[in-house]
Amino acid sequence: MKVLLSNIQRFSLQDGPGIRTTVFFKGCNLRCPWCSNPENILPYMEKYFDDVGEEKQFGFECSLGDLKEEILRDQVFYQGKGGVTYSGGEALLQVENFISLIKDLSQMKINQCVETSLMIPTKNLTMILPYVDEYIVDVKILNSDECKKIQGDLQIYLENLRILRAHKKEFTYRFPIVTGYTYTKQNIDALLELLKSYPPVKMEIFNIHNLAEKKYQMLGRRAFNNKELPDEILRNLQLKIENMGIEASIIKYA
Ligand code: SF4
């Protein structure tokens, strides 16, 4: 069995607890205009030309054996806390192709984390629940009509959140600040309500940066230009969340 990946990043410190190997799956069912990983969206390999005009490719197929070997290369650094994080794109769209690896690593007591939009068929989520230890859940647009325009059916997201809670899974929310999309008064109010109904163990907030501009150029697509909000606004939001008794941090991507 093979999976389609775009990258395997070793020694990640921002994708779950401890030192982690982050596996980026290629292919996503959403089309967030602000996406910082546009090379991970389409579910097939894509050609592009680099700075010196050489033809390169985004995406590669990886056998489960090779992927397992790559993950275990850094086992010595995981030390109980760290492990592997499946990210993307949307890793859970390919879950049927690598559930055997998830089960295998679970038996070996390797800590496994999934970063997901949760906008996926519920069966893809229930399949991993007995084996995956950590969940990083995106939280974006929380108004049904607005969500439908950009991301799809909010009810699917809420149902999957309910299932995580019903299975007593702890999760971290990751909230991108995008002016006019996720950062509106209405959406922040809805976010604070969501935190009451489905409280996470932790919340990470971050400004969407424009660092992916070059990747958009290479792919021949137009980059989204986000107006980054001042740190003070992020700190205010952080404070509001902390006042609800939830640990919150601001992440900066270099
Ligand atoms: S869910 Fe993530 S990977 Fe998919 S389009 Fe949105 S930002 Fe990009």
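Predicted model: local features only at pLDDT ≥ 70, side-chain atom pairs only at ≥ 80, totals over all residues.
## Strands side by side

Strand E7 (residues 111-116) and E8 run parallel, with four bridges joining them.

E8 has another parallel partner, strand E9 (residues 171-177), and four bridges link this pair too. Here, isoleucine 136 has threonine 172 in E9 as its bridge partner.

## The nonpolar core

Nonpolar side chains tend to be buried together in soluble globular proteins. In this model, the largest nonpolar core has 55 residues. Which residues have the most contacts inside it? They are Val23, Phe25, Val114, Val137 and Ile205. Helix H3 (residues 95-107) supplies the largest share of this core, with five residues.

Take a look at valine 23. If you skip its neighbours within four places in sequence, valine 23 is in contact with Leu5, Ile8, Leu67, Val84, Tyr86 and Ser87.

## Around the ligand

Now for the ligand. The residues around it include Cys28, Leu30, Arg31, Cys32 and Cys35. Also in this group are Asn37, Asn40, Ile41, Gly88, Gly89, Glu90 and Ser117.

How do the residues of this shell divide into nonpolar, polar and charged? Five are nonpolar, five are polar and two are charged.

Conventions. Residues numbered from 1 in each chain as written. Near = placed C-beta within 6 Å. Nonpolar A, V, L, I, M, F, W, Y, C, P; charged D, E, K, R; others polar. Core = buried A, V, L, I, M, F, W, Y, C linked by C-beta atoms within 7 Å. Buried ≥ 20, exposed ≤ 12 C-beta atoms within 10 Å, placed from the backbone. Helix = DSSP H or I, 4+ residues; strand = E, 2+ residues; numbered from the N terminus. Contact = placed C-beta atoms within 7 Å. Pairing = 2+ DSSP bridges.
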